[in-house]
Amino acid sequence: MTDQWVTFSQLGIAELVYLKGEIDLANANDIGRAIVARTSDADAVLIDLTAVSFLDSAGVRLLDFIVGDLDDRGKPIKLVVGERGAARMTLQLCSFRTDLLATDLERAAAELGR
């Protein structure tokens, strides 16, 4: 069921999570469960939000939970938000951690490797 919003692949050492469409109260819990199940053993995580058309507070809470969980386990994470778009705008409005945001996937992957 979550295939319409989330897909996974591998990029180097990182589990790559692609999110798309609307991430909101209706689907955030299902998406979160899928991400946690897939990333629990990952060395690092990249979440690509460039195809997200809408992100509400439930989506922000989901990202905050995932970031906190990975931080607690000492696993690096980067969020790819592009230079503009719904995800970037929402995360900036919420004062989300800017050190986690990257404009493109290549830059995010390179920053994870540092």
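pLDDT is the predictor's confidence in each residue, on a scale from 0 to 100. In this predicted model, the chain has a mean pLDDT of 94, with 98% of its residues at 70 or more. Confidence is lowest in helix H4 (residues 105-112), where the mean is 91, and highest in S4, where the mean is 98.

**Sheet**

- Five strands make up an open sheet with mixed pairing, and their order across the sheet is S1-S2-S3-S4-S5.
- The edges of the sheet are formed by strand S1 (6-11) and by S5, each of which pairs on one side only.
- Between S4 and S5 the pairing is parallel and extends over two bridges, and Val-80 has Ala-102, in S5, as its bridge partner.

**Helices**

- Helix H1 (residues 28-39) lies across S1, S2 and S3, and its direction is at about 175° to that of S2.
- H2 lies across S2, S3 and S4, and in this case the angle of about 175° is the one made with S3.
- Helix H3 (residues 86-93) has Ala-86, Ala-87, Arg-88, Thr-90 and Leu-91 as buried residues, and the buried residues of H3 pack against strand S3 (44-55), helix H2 (57-72), S4 and strand S5 (101-102).
- After H3 comes Ser-95, which has a positive phi, near 55°.

**Nonpolar cores**

- The largest nonpolar core contains 28 residues, and those with the most contacts inside it are Leu-19, Ile-47, Leu-49, Ile-77, Leu-79, Leu-91 and Phe-96.
- Two or more residues of this core come from each of S2, H1, S3, H2, S4 and H3, and H2 gives the most, with six residues.
- Another core, of nine residues, lies apart from the largest one and includes Ala-14, Ala-102, Leu-105 and Ala-108.
- Ile-47, one of the residues with the most contacts inside the largest core, is in contact with Val-17, Leu-19, Leu-63, Ile-66, Ile-77, Lys-78, Leu-79 and Val-80, when neighbours within four places in sequence are left aside.
- In soluble globular proteins, nonpolar side chains tend to be buried together.

**Ile-77**

- Ile-77 belongs to strand S4 (residues 77-80), and Ile-77 counts as buried because its relative accessibility is 5%, where the cut-off for buried is under 20%.
- Beyond its neighbours within four places in sequence, Ile-77 is in contact with Val-45, Ile-47, Ile-66, Val-67, Leu-70, Leu-100 and Leu-112.
- Between the C-alpha atoms of Ile-77 and Lys-20, which are 57 residues apart along the chain, the separation is 18 Å.

**Glu-15**

- Glu-15 is located in strand S2 (residues 14-23), and Glu-15 counts as buried because its relative accessibility is 7%.
- The side chain of Glu-15 makes a polar contact, at 3.0 Å, with the side chain of Arg-38.
- With neighbours within four places in sequence left aside, the residues in contact with Glu-15 are Phe-8, Ser-9, Gln-10, Arg-38, Thr-39, Ala-42, Ala-44, Val-45 and Leu-46.

Definitions and conventions. Residues numbered from 1 in each chain as written. Predicted model: local features only at pLDDT ≥ 70, side-chain atom pairs only at ≥ 80, totals over all residues. Heavy atoms only, no water. Helix = DSSP H or I, 4+ residues; strand = E, 2+ residues; numbered from the N terminus. Buried < 20%, exposed > 50% of the residue type's maximum accessible area, 1.4 Å probe, protein only. Polar contact = N/O pair within 3.5 Å; in protein donor to acceptor, adjacent residues only side chain to side chain. Contact = heavy atoms within 4.5 Å. Pairing = 2+ DSSP bridges. Axes fitted to C-alpha atoms, helices over the stretch in contact; angles between N-to-C directions. Core = buried A, V, L, I, M, F, W, Y, C linked by side-chain atoms within 4.5 Å.
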